[in-house]
Every structure is written in C-alpha cells, then in structure tokens.
Amino acid sequence: MNKKICFLLFAVLSLCVSTAFPQAKDAIKKVVIDAGHGGSDIGAPGSMSKEKDINLAVALELGKQIKENCPDVEVYYTRKTDVYPTLYDRCNYANNQHADLFISIHCNASTNKTAHGTETFVMGLDKSDHNLEVARRENASMLLEDDYKTKYGGFNPNSPESYVIFSLYANNYLDNSTKLAAKVQKNLVSTTGFTDRKVQQAGFWVLHAVAMPSILVELGFISNPEEEKKLVDKDFQKKMAKTICTAFAQYKSEVEGKVAPQIENKEEEKPATTKPEPKPAETKPEKVAEQTAKPETKPQPASQETGVCFKVQFCALPDNIAVTDKRFAGLKNVGKYKENNMWKYTAGNEITYAGAQNVLKEVKAKYPDAFIVAFKNGVKIPVSEARQLCQ
C-alpha cells in the first residue's frame, strides 16, 4: 500500500512540475534538442550502426541549422557527445532552461525487418499495441539506472499497469505539441520519401515530464536494411535535420505571427546540374467545422473585402463539446473547428490583429497556453498571411 501511495504522490508532484514553468507565450526563444540514448545505452542496434550515433548526428545538425536560420533562438542540447543523461536529467535540464520547445530525436526498430516509415509522437494515452511498444522501448532506458525505482517513483516501463501515471496527466501543451508534430511529420514524409506513419500519441516519460510543448521524432526504422542505409548517410542526416528545422521555423512563425524564414544549409553546395530538392508541401487549410454566431462588433468594410477574422484558440480536445458548455463560461464568441482529429476551441471574432491581442490577454488569464489564429472566409490561414491581407 505504501508503494502505491508513493507512486501516486510522485505522479501528483510530476503534474505540479509540468505546470510550474509556463511556456514563453507568443515567442519561441529557447529550444532543447534531445539526442535519444547515448553512452552505455546504444538504443536500437542496426546491422551496421547504433541508434545513439544517428540520433546525435541529426540532433547536432538540427541545432546548427536552427542557429543559422533562426538567430534569435537559443539552442540547448541534452547531450553533445556520446554520454548517457538519464531520462530524469534530460527533463530536468529542459525545465531548468525554461525552454519553449523540446524535440527528442530517435530511430524506430521492430522485430519485423520489413517495418518501415517515419512517425512523430506527442504525449498521450493511446493504448495501441504498437504505440505501447514504442513507448516501452524508449522508456526502458531508465532500467540502466541503479536507483530508477526511487527516481521514477516506482514506474516500471515494462509493466502496463505503471502507465496509469499518464492517466493523471493533463497535457496543457498538447495542442501546440500536435501542431509542431504535424509540421515535422508532413515535411519529413515529403522530403525523405519514407512511409507516413502519422502523428501518434504514446506515454513517453521525456514528453510527460517537460513543462513545454514537446515531440519525439522516430526518423525511420534502423531495423529495416533499406532505411538504415539512408539513416547512416551523412547527407541524408543533414536533409532530415533541415526538414525538421523547416517545420520548426513554420511553427515558430505561426505562433509569433511572422513570416517563416527560408531555411538554407550553408554548407550545402550542389552543382548546377543537380536536381533541386522538392520543397515540403504546405499544409492545406481545413474548412472550419463550426463557428458561433456573428461577432458582437459589426465588421468594417475592410474585413468584408478581405474576409479575414482573428480568433484566440485556447484549447484542443478529442471530444466535440457544445460551445455553450459551462466550462467556457466567461469567454465571448466561443467557436470551434476540427483539425488533425482534434476539436479546437476559440474565443473572440476580431477584424484586426490588435483586437485579437486584447482578447488574448483576457483569455490567457484562464488558459495560459492560448494563442491567436486566423481565418479567411471560414478557412484557417496563417496569422502572418492574415495580417498582410489586413494591411
């Protein structure tokens, strides 16, 4: 009984840590890049490589490209050499930096040598056999630590019952994590040609314990001979890093309402006859599934010409909840739309970005992770594009 009490107490304390350092809103200034495994923990073994080495190479290249293309962003690494920081230390480090994003780099593996493709994970409670197996494998790193039972509150990555800790977890950053994951996944599939295994949810400790939007990228299957050949190729590693950097820049510009920079690899010099790399396809906007009634303020002629309005998105849920639900009490012009299999809820309906900023201040009092989104004639568009249309 005492062990159960300690375990639940640790879970509650973990929740407190996860909300202690709210994300730096509307500005992405710090990112922590986590190269999975390392040192005595080689990760998944390939026929000619070790996962830990691929993870580190891509992580360092990703950080380098973010520094070159987004100079206003501070980049931190959980490791820069072949050492093993514990899962606990990785999360603690990210939280101590008060980072705005956490990106963990990994390679997938399976006993089925034909398994292939890339997938990006966010923290969640999906209990499918595949997702539990991936989470179990990545969480198993903690078993290398002598005091893991004490440090992780009795959590056993090999015990399905231990994952009850995640049922107590309310991810305040799920919406932004999913948004970044979708961009990374789409760009990786477009650039690498790997099979799209979609954005997934699973119970990863490193995503559970960081107080910021976070994703875990499974680049490809090191257990698949064909994919391993690409994963160990230095040029292909740079291509993957560039792709993730592009997704990061797109996410950053959307959150901040700015135009995304053109991502370049400054060391990459190609002959004129080389066929250019295909640019990642831009995400097609989705139709707004449902909106509330007309805004309280009468639209001005300019908004009628552009069809643009700004709203404040404050939460995302898998359930379709009525906009009149009592949980939304105190918010004006509550609306919702469906995107990436999630129902996303908004407040306000403003014809100017300045008006939306005023609404944002009010909403953040209750929902600290809220941010501004924009629509044109009922279709979601980047905030940067909407602001340009309203100039």
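Strand S7 (residues 308-317) pairs with S10 in the antiparallel sense, over six bridges. The model is predicted. The protein chain holds 12 helices and 11 strands. Of its 391 residues, 53% count as buried. Among contacts between residues at least 6 apart in sequence, 79% join residues at least 24 apart.

**The five-stranded sheet**

- S7 and S10 belong to an open sheet of five strands, ordered S8-S9-S7-S10-S11. The pairing in this sheet is antiparallel.
- Its edge strands are strand S8 (335-339) and S11, and each pairs on one side only.
- From one strand to the next, the twist averages 45 degrees.
- Phe310 has Ala374 as its bridge partner in S10.
- S7 also pairs with S9, in the antiparallel sense and over six bridges. Here Val312 stands opposite Ala347 in S9.
- S8 and S9 form an antiparallel pair over five bridges. Lys338 has Trp343 as its bridge partner in S9.
- Helix H11 (residues 353-364) lies across S7, strand S9 (342-350) and S10. H11 runs at about 25 degrees to S7.

**A loop residue beside this sheet's strands**

- Asn377 sits in the loop between strand S10 (371-376) and strand S11 (379-381).
- Asn377 has a relative accessible area of 57%, so it counts as exposed.
- Asn377 and Thr306 are 71 residues apart in sequence. In space they are 8.2 Å apart, C-alpha to C-alpha.

**The six-stranded sheet**

- Another open sheet has six strands, in the order S2-S1-S3-S6-S4-S5. Its pairing is mixed.
- S2 and strand S5 (196-202) are the edge strands, each pairing on one side only.
- Neighbouring strands of this sheet are turned by 20 degrees against each other on average, direction ignored.
- Strand S4 (residues 118-123) and S5 pair in the parallel sense, over five bridges. Phe121 stands opposite Gln200 in S5.
- H2 packs on the sheet and touches S1, S2, S3 and S6. The direction of H2 makes about 145 degrees with that of S3.
- H6 packs on the sheet too, touching S3, S4, S5 and S6. The direction of H6 makes about 175 degrees with that of S4.

**Two nonpolar cores**

- In soluble globular proteins, nonpolar side chains tend to be buried together.
- The largest nonpolar core has 45 residues. Those with the most contacts inside it are Val31, Ile33, Leu62, Ile66, Ile105 and Leu219.
- At least two residues of this core come from each of several elements, including strand S1 (30-35), helix H2 (51-69), strand S3 (101-108) and strand S6 (214-221). Helix H6 (174-192) and helix H9 (234-256) are also among them.
- H9 supplies the largest share of this core, 10 residues.
- Which residues does Leu62 touch, not counting residues up to four places away in sequence? They are Ile33, Ile103, Ile105, Ala241, Ile244 and Cys245.
- A second, separate core has 25 residues. Phe310, Leu331, Ala370 and Ile372 are among them.

**Helices H6 and H9**

- H6 and H9 pack with their axes 9 Å apart, at an angle of about 145 degrees.
- H6 passes H9 in a right-handed crossing.
- On the H6 side, the contact includes Asn176, Leu180, Val184 and Leu188. On the H9 side, it includes Phe236, Met240, Ile244, Phe248 and Tyr251.
- By class, this contact of H6 with H9 has nine nonpolar, seven polar and four charged residues.

- Thr178 has its place in helix H6.
- At 10% relative accessibility, Thr178 counts as buried, because the cut-off is under 20%.
- Thr178 and Ala316 are 138 residues apart in sequence, yet 9.7 Å apart in space, C-alpha to C-alpha.

Terms used:
Residues are numbered from 1 along each chain as its sequence is written. This is a predicted model: local features need pLDDT of at least 70, side-chain atom pairs count only at pLDDT 80 or more; totals for chains, interfaces and linings use all residues. Side-chain values use heavy atoms; hydrogens and water are left out. Helices (H or I, at least four residues) and strands (E, at least two) are DSSP runs, numbered from the N terminus. Buried means under 20% relative accessible area, exposed over 50%, partly exposed in between (1.4 Å probe, protein chains only). A nonpolar core is a set of buried Ala, Val, Leu, Ile, Met, Phe, Trp, Tyr and Cys residues joined through side-chain atoms within 4.5 Å. Contact means heavy atoms within 4.5 Å. Axes are lines fitted to C-alpha atoms, for helices over the stretch in contact, and angles run from 0 to 180 degrees between N-to-C directions. A crossing is left-handed if the near helix is turned anticlockwise from the far one by less than a right angle, and right-handed if clockwise. Ala, Val, Leu, Ile, Met, Phe, Trp, Tyr, Cys and Pro count as nonpolar, Asp, Glu, Lys and Arg as charged, and the others, Gly among them, as polar. Two strands pair if DSSP finds at least two bridges between them.
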